[in-house]
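Thanks for coming, everyone. Let me put the structure up, and then I'll walk you through a few parts.

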Amino acid sequence: MRLRDRNIFITGAGSGIGRAAALLAAKEGAAIACAEIDESTLKETVGLVEDAGGRVLALPCNVTDRDAVKESVDHAARELGGLHALLNIAGTGKLAHTADVSEEDWNRTLGVNLNGTFWVCQAALPHLLEQRRSAIANVASIAGLNGQAYSAAYCASKWGVVGLTKALAVEYVKRGLRVNCVCPAGVKTPLIGQMLPPADADPDLMARFGLVMKFTHPEEVAESLVFLISDAARSINGVALPLDFGNSAS
Ligand SMILES: NC(=O)c1ccc[n+]([C@@H]2O[C@H](COP(=O)([O-])OP(=O)(O)OC[C@H]3O[C@@H](n4cnc5c(N)ncnc54)[C@H](O)[C@@H]3O)[C@@H](O)[C@H]2O)c1
């Protein structure tokens, strides 16, 4: 059990990668706090973890609300007896021609993906730093390492997550906290179904999504997240790990 006796705060736990991570972390022995804006999917995830024998706390929470985030994180730390790791997974996205991106869409994408990740990191920091060793793993995207057409807001938010990850990794390296992120390409989750290209998208520009058109599964991303917060990754800090079958290598 790679996460025995570890308490882990997980955002976006109601669906896709977040749910897979919650199930895997619990299976690996962690007690988990699941934070999620959608109360019905949160309830489902909590039920699945409990059915599998895991210890889990349900926290309805909007990661864009700084005060609510702090309240949820502090509550989780109190209930579980401290926090050892954080998985920032909540995210959103929408593809559009840059000229058509509304202020609302821009703010929502940056608000959830970047501001939300930051608020949760900031709230969790004092708890994580109480431990001798602790870890954060953020979910960025391959869109946080490359430029992608029709993805201005999403790319900007995910490049921000990569930058935030590296900044914290450097700042807290001497205090036992490691901070890394994963950068998946296409993952089979509800989100990918929402991120449809505009009807008149240029197919040459869309080909940029990958040389190998292969999707990964949420459980595979969860494996990388659990690895990054486990002791097996004790020398890994500040990396943005592409999960893209090597597409970004070329
Ligand atoms: N699916 C992909 O192809 C892909 C690729 C690269 C990166 N990602 C990233 O992976 C992460 C997880 O996405 P997924 O693919 O599992 O999608 P998903 O839609 O299945 O899960 C996202 C979860 O985040 C929750 N969420 C959204 N806004 C929130 C908020 N304000 N507060 C709290 N929770 C909120 C949603 O309710 C949902 O449960 C995201 O950060 C996404 O950008 C996904």
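**Salt bridges, ligand and surface**

Arginine 108 is partly exposed, at 37% relative accessible area. Partly exposed means between the two cut-offs: buried is under 20%, exposed is over 50%, with a 1.4 Å probe and protein chains only.

A word on the source. This is a predicted model: local features need pLDDT of at least 70, side-chain atom pairs count only at pLDDT 80 or more, and totals for chains, interfaces and linings use all residues. Residues are numbered from 1 along each chain as its sequence is written, and side-chain values use heavy atoms, with hydrogens and water left out.

Back to arginine 108. Which residue does arginine 108 form a salt bridge with? Aspartate 105, with the closest N and O atoms 2.6 Å apart. A salt bridge here is a side-chain nitrogen of Lys or Arg within 4 Å of a carboxyl oxygen of Asp or Glu. Both residues lie in helix 4, three residues apart, about one turn of the helix. Helices are DSSP runs of H or I, at least four residues; strands are runs of E, at least two; both are numbered from the N terminus. Aspartate 105 is buried, at 14%. The two also belong to a salt-bridge network with Lys94 and Glu104.

How many salt bridges does the whole structure have? The search finds eight. One of them joins glutamate 28 and arginine 2, at 3.0 Å, N to O. That pair links distant parts of the chain, 26 residues apart. Glutamate 28 sits in the loop between helix 1 and strand 2, and arginine 2 in the segment before strand 1.

Arginine 19 and glutamate 44 form a salt bridge too, also with 3.0 Å between the closest N and O atoms. Arginine 19 is in helix 1 and glutamate 44 in helix 2, so the pair ties together parts 25 residues apart in sequence.

A ligand oxygen lies 2.6 Å from a side-chain N or O atom of serine 15. Another distance to note: 2.9 Å from a ligand oxygen to a side-chain N or O atom of lysine 158. Taken alone, the ligand exposes 830 Å², and the protein buries 92% of that. Those areas come from the Shrake-Rupley method with a 1.4 Å probe; for residues, only the protein chains shown count as cover.

Note on methods: A polar contact is a pair of N or O atoms within 3.5 Å; within protein, one must be able to donate a hydrogen and the other to accept it, and residues adjacent in sequence count only if both atoms are side-chain atoms.
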